[in-house]
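Before reading on, please look through the sequence and the three-dimensional model that are shown below.

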Amino acid sequence: MLIHELTRHECLEVLARTQLGRLACARGMQPYVVPIYFACKEDWLYSFSVPGQKIDWMRANPLVCVEADQMRREHWATVVVFGRYEELSATSERTFAVNQLQHRAMWWEPAGAKTIPDGTPAMVPVFYRIKIEQITGRCGLSEQETPDTKHANADPYEEGWMRNIFRRFRHPAER
Ligand SMILES: Cc1cc2nc3c(=O)[nH]c(=O)nc-3n(C[C@H](O)[C@H](O)[C@H](O)COP(=O)(O)OP(=O)(O)OC[C@H]3O[C@@H](n4cnc5c(N)ncnc54)[C@H](O)[C@@H]3O)c2cc1C
């Protein structure tokens, strides 16, 4: 397995094509990680939640970390973001967040699925965004991938945009 660093542009491309990530926040010395759906737009990640532990913790300490990845058989790309939590209160900002998030059908479901004891959905939405302050990415490619296998390695499981990223490392002369 050969591991390569992704450029900032490639990292943002991975985020733009990924919807599911892991959000880490911390209180004191205690980290906390949960899966979330997000939408990436320029230097921001947009997401939505109902109040709970992660919102309480991010309000107290806005420094967070988000990991997202793409796995295609033996190839992978992972991106790590260090960022800052920011709640969206203005109607225009919330509308913008909804517009970003609603590209995924049922985008509200996991965040809105929390229930209170009598079973009534507790739908008090919190829209927030994470400012991408630092971003790094890596991708892993099978060592069997050499220029000689150029035409044989068009993996049907790889989407075109991901193939372009991997191609930079497989065939540097083509870029
Ligand atoms: C595929 C997927 C996508 C999701 N997308 C979103 C999203 O976009 N927005 C969103 O708000 N939520 C999303 N969730 C749910 C999210 O992962 C959290 O479970 C949920 O938001 C509650 O987090 P909380 O901090 O408010 O926990 P609380 O309800 O306050 O619960 C506190 C305690 O419950 C436990 N807990 C909470 N969540 C989990 C969990 N997932 N697994 C195991 N233990 C848990 C922890 O021990 C935590 O200390 C998604 C979940 C999945 C599986």
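In helix α3, which spans residues 91–101, the buried residues are A97, Q100 and L101; here buried means under 20% relative accessible area, exposed means over 50%, and partly exposed lies in between (1.4 Å probe, protein chains only). Viewed down the axis of α3, these buried residues fall within an arc of 90 degrees, so they line one face of the helix, the arc being that of the directions from the helix axis to the C-beta atoms. T91 and S92, on the other side of α3, are exposed. The cover over the buried residues of α3 includes β4 (39–41), β5 (44–49) and β8.

This is a predicted model, in which local features need pLDDT of at least 70 and side-chain atom pairs count only at pLDDT 80 or more, while totals for chains, interfaces and linings use all residues. Residues are numbered from 1 along each chain as its sequence is written, and side-chain values use heavy atoms, with hydrogens and water left out.

In α2, the buried residues include K54, I55, W57 and M58. Seen down the axis of α2, its buried residues fall within an arc of 165 degrees, so they line one face of the helix. An α-helix has 3.6 residues a turn, so residues three or four places apart point the same way. The buried residues of α2 pack against β2, β3, β5, β6, β7 and β8.

How many helices and strands does the chain have? There are 5 helices and 8 strands, where helices (H or I, at least four residues) and strands (E, at least two) are DSSP runs numbered from the N terminus. Starting at the N terminus, the elements follow the order β-α-β-β-β-β-α-β-β-α-α-β-α. Of the 175 residues in the chain, 39% are buried. Among contacts with a separation of 6 or more, 73% join residues 24 or more positions apart, a contact being heavy atoms within 4.5 Å.

The largest nonpolar core holds 33 residues, of which L6, L15, L23, L45, M58 and Y128 touch the most other members; such a core is a set of buried Ala, Val, Leu, Ile, Met, Phe, Trp, Tyr and Cys residues joined through side-chain atoms within 4.5 Å. At least two residues of this core come from each of α1, β2, β3 (30–37), α2 (53–60), β6 (63–72), β7 (75–87), β8 (126–141) and α5 (160–170). Strand β8 gives the largest share, 7 residues. A second, separate core of 8 residues includes A39, W44, Y46 and F48. Returning to L6, and not counting residues up to four places away in sequence, its contacts include A77, G137, I165 and F169.

Where in the chain is T18 placed? T18 sits in the loop between α1 (8–16) and β2 (20–27), and with a relative accessible area of 6% it is buried. A polar atom of the T18 side chain lies 2.4 Å from the backbone oxygen of V14. Apart from neighbours within four places in sequence, T18 is in contact with F38, A68, D69 and Q70.

R72, found in strand β6, counts as buried at 15% relative accessibility. The side chains of R72 and Q70 are joined by a polar contact of 3.2 Å, that is, a pair of N or O atoms within 3.5 Å, where within protein one must be able to donate a hydrogen and the other to accept it, and residues adjacent in sequence count only if both atoms are side-chain atoms.

Side chains of opposite charge can pair when their charged atoms come close. The structure holds 7 salt bridges, each a side-chain nitrogen of Lys or Arg within 4 Å of a carboxyl oxygen of Asp or Glu.

| Pair | Distance, N to O |
|---|---|
| R22 and D69 | 3.3 Å |
| R59 and E87 | 2.9 Å |
| R84 and E133 | 3.5 Å |

R84 in strand β7 and E133 in strand β8 are 49 residues apart, and their pair links distant parts of the chain. R22, which counts as partly exposed at 31% relative accessibility, belongs to a network of salt bridges that links R22, E67 and D69.
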